[in-house]
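Q: Hi, I'm new to this one. Can you put it up and walk me through it?
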Amino acid sequence: MILALSFMFTACVDSVPEIFEIQSEAIVSDTIEVGPEGGVKTIMVASSSDEWIASVQVPWITVSPANGRGDVECKVIVDSALAVTSRETKVWIENQRTSERKEF
């Protein structure tokens with residue numbers, strides 16, 4: 001009887017799939033590099049059927065679309081710089097159902 005109960009509980013446990021992922025040839029080691037002239041990089045947000053939202057902390061980067069549901073191709077748009085100095089920030093995509101966050 002105990003063996004049957006333990007089998008029943010282990011049989012009900014599913015592996016938890018990754019909620020979503022960000023795919024792009026532009027992302028290398030969680031980094032996108034763009035020169036001072038600015039540019040556009042494409043990323044793919046793969047998110048089963050959950051809603052997600054993109055966030056940035058600076059006005060010189062835009063993610064379009066900035067939110068969606070399911071698998072969506074997004075553009076990361078970086079404005080040109082006035083000076084040839086290095087700029088860094090984080091962009092993150094957050095699953096609205098689970099609050100899981102991916103940063104690059």
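Q: Let's start with Glu 100. Is Glu 100 buried, partly exposed or exposed?
A: Glu 100 is partly exposed, because its relative accessible area is 24%. Buried means under 20%, exposed means over 50%, and partly exposed is in between (1.4 Å probe, protein chains only).
Q: Before we go on, what kind of model is this?
A: This is a predicted model: local features need pLDDT of at least 70, side-chain atom pairs count only at pLDDT 80 or more, and totals for chains, interfaces and linings use all residues. Residues are numbered from 1 along each chain as its sequence is written, and side-chain values use heavy atoms, with hydrogens and water left out.
Q: OK. Which residue forms a salt bridge with Glu 100?
A: Lys 102 does, with the closest N and O atoms 3.6 Å apart. A salt bridge here is a side-chain nitrogen of Lys or Arg within 4 Å of a carboxyl oxygen of Asp or Glu. Lys 102 counts as partly exposed, at 22% relative accessibility.
Q: Why would such side chains pair?
A: Side chains of opposite charge can pair when their charged atoms come close.
Q: How many salt bridges does the structure hold?
A: The structure holds 6. One of them joins the side chains of Arg 69 and Glu 51, at 2.4 Å from N to O.
Q: Where do those two sit in the chain?
A: Arg 69 is in strand β5 (residues 67-69), and Glu 51 is in strand β3 (residues 51-56). They are 18 residues apart, so the pair links distant parts of the chain. Strands are DSSP runs (E, at least two residues), numbered from the N terminus.
Q: And how exposed is Arg 69?
A: Arg 69 counts as exposed, at 54%. Glu 51 is partly exposed, at 41%.
Q: New topic. What does the side chain of Glu 94 contact?
A: It makes a polar contact with the side chain of Arg 101, at 3.3 Å. That term means a pair of N or O atoms within 3.5 Å; within protein, one must be able to donate a hydrogen and the other to accept it, and residues adjacent in sequence count only if both atoms are side-chain atoms. Glu 94 lies in strand β7 (residues 91-95). Glu 94 is buried, at 19%.
Q: Last one. How many residues line the largest pocket?
A: The lining has 22 residues, and among those nearest the centre are Trp 60 and Arg 87. A pocket is an open set of points on a 1 Å grid over the protein atoms alone, where a 1.4 Å probe fits, with protein on both sides within 12 Å along at least five of seven lines; lining residues have an atom within 4 Å of a point.

Definitions and conventions. Helix = DSSP H or I, 4+ residues; strand = E, 2+ residues; numbered from the N terminus.
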